[in-house]
Amino acid sequence: MSNEVVIAAESRSEFGKGAARKVRRQDKVPVVLYGHGTDPQHLTLPGHELLLALRTPNVLIRLQGASSELALPKGVQRDPIKGFLEHVDLLLVKSGEKVTIDIPVTVVGEVADGILDQQLVSISVESEATHIPTGVEVDVEGMEVGTQVTAGDLKLPEGTTLVADPETLVLHVTGAPVGEPEPEAAESAEAAEPANESAE
């Protein structure tokens, strides 16, 4: 079930790109907290602690500040080159409240024959904000060619309901391996090299 991480939060009164750069230079991240019909709160959180927390899917963040509030990451912007956090949106949640999130689908076991083709690595579910499952496992031990598992077949933890279409294919076992690209394509590209260098 959900991991809760406590992180100190500070209010932020300066906005814009310049102010955001200034915040990031202090190894902090600009954050917007919204939800429950309240006005968005502009905060800064320590960058390293937030980065570590976000490694856990659907981590719950307990914001320690003027008031202790619980939040769920809903939007994370990273620098496309360096990978540092540029901005994070947090959704305000309360104990007992239902939220829709994506949880990871992990496979355990080995298929009897054929090749396992996993179509989905995460699935949309509804769960209590303070009891979000860390993921759902699919046991493929002994599955044979032609076996399919749909979203409706998943054994979700108690208190969690499926949001995705139950007919959605999660994984199936196929027969022959997918063929590799024919080497002819590479050979024909070589043959197409200009051959007129010696022409007068």
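Tutor: Please keep in mind that this is a predicted model.

Student: Is Val140 buried or exposed?
Tutor: Val140 is buried, its relative accessible area being 1%.

Student: Which residues is Val140 in contact with, leaving aside neighbours within four places in sequence?
Tutor: The contacts of Val140 on that basis are Val107, Val108, Gly109, Glu110, Val111, Leu116 and Leu171. As for Gly109, its C-alpha lies 5.3 Å from that of Val140, although the two are 31 residues apart in sequence.

Student: Changing topic: how many salt bridges does the count come to?
Tutor: The count is two salt bridges. In one of them, Glu4 pairs with Arg62, with the closest N and O atoms 3.0 Å apart. This pair links distant parts of the chain, since Glu4 is in strand β1 (residues 4-8) and Arg62 in strand β5, 58 residues apart.

Student: What about the salt bridge of Lys28 and Glu10?
Tutor: The side chains of Lys28 and Glu10 meet at 3.2 Å, N to O. Here too distant parts of the chain are linked: Lys28 is in strand β3 (residues 28-35) and Glu10 in strand β2 (residues 10-11), 18 residues apart.

Student: How accessible are Lys28 and Glu10?
Tutor: Lys28 is partly exposed at 24% relative accessible area, and Glu10 is partly exposed at 41%. In the other pair, Glu4 is partly exposed at 42% and Arg62 is partly exposed at 22%.

Student: What is the phi of Asn58?
Tutor: Asn58 has a positive phi of about 55°, although Asn58 is not a glycine. Asn58 is located in the loop between α2 (47-53) and β5 (60-64). With 15% relative accessibility, Asn58 counts as buried.

Student: Lastly, what does Thr160 touch?
Tutor: Not counting residues up to four places away in sequence, Thr160 touches Val125, Glu126, Ser127 and Pro133. Thr160 lies in the loop between β12 and β13 (161-162), and is buried with a relative accessible area of 9%.

Terms used:
Residues numbered from 1 in each chain as written. Predicted model: local features only at pLDDT ≥ 70, side-chain atom pairs only at ≥ 80, totals over all residues. Heavy atoms only, no water. Buried < 20%, exposed > 50% of the residue type's maximum accessible area, 1.4 Å probe, protein only. Contact = heavy atoms within 4.5 Å. Helix = DSSP H or I, 4+ residues; strand = E, 2+ residues; numbered from the N terminus. Salt bridge = Lys/Arg side-chain N within 4 Å of Asp/Glu carboxyl O.
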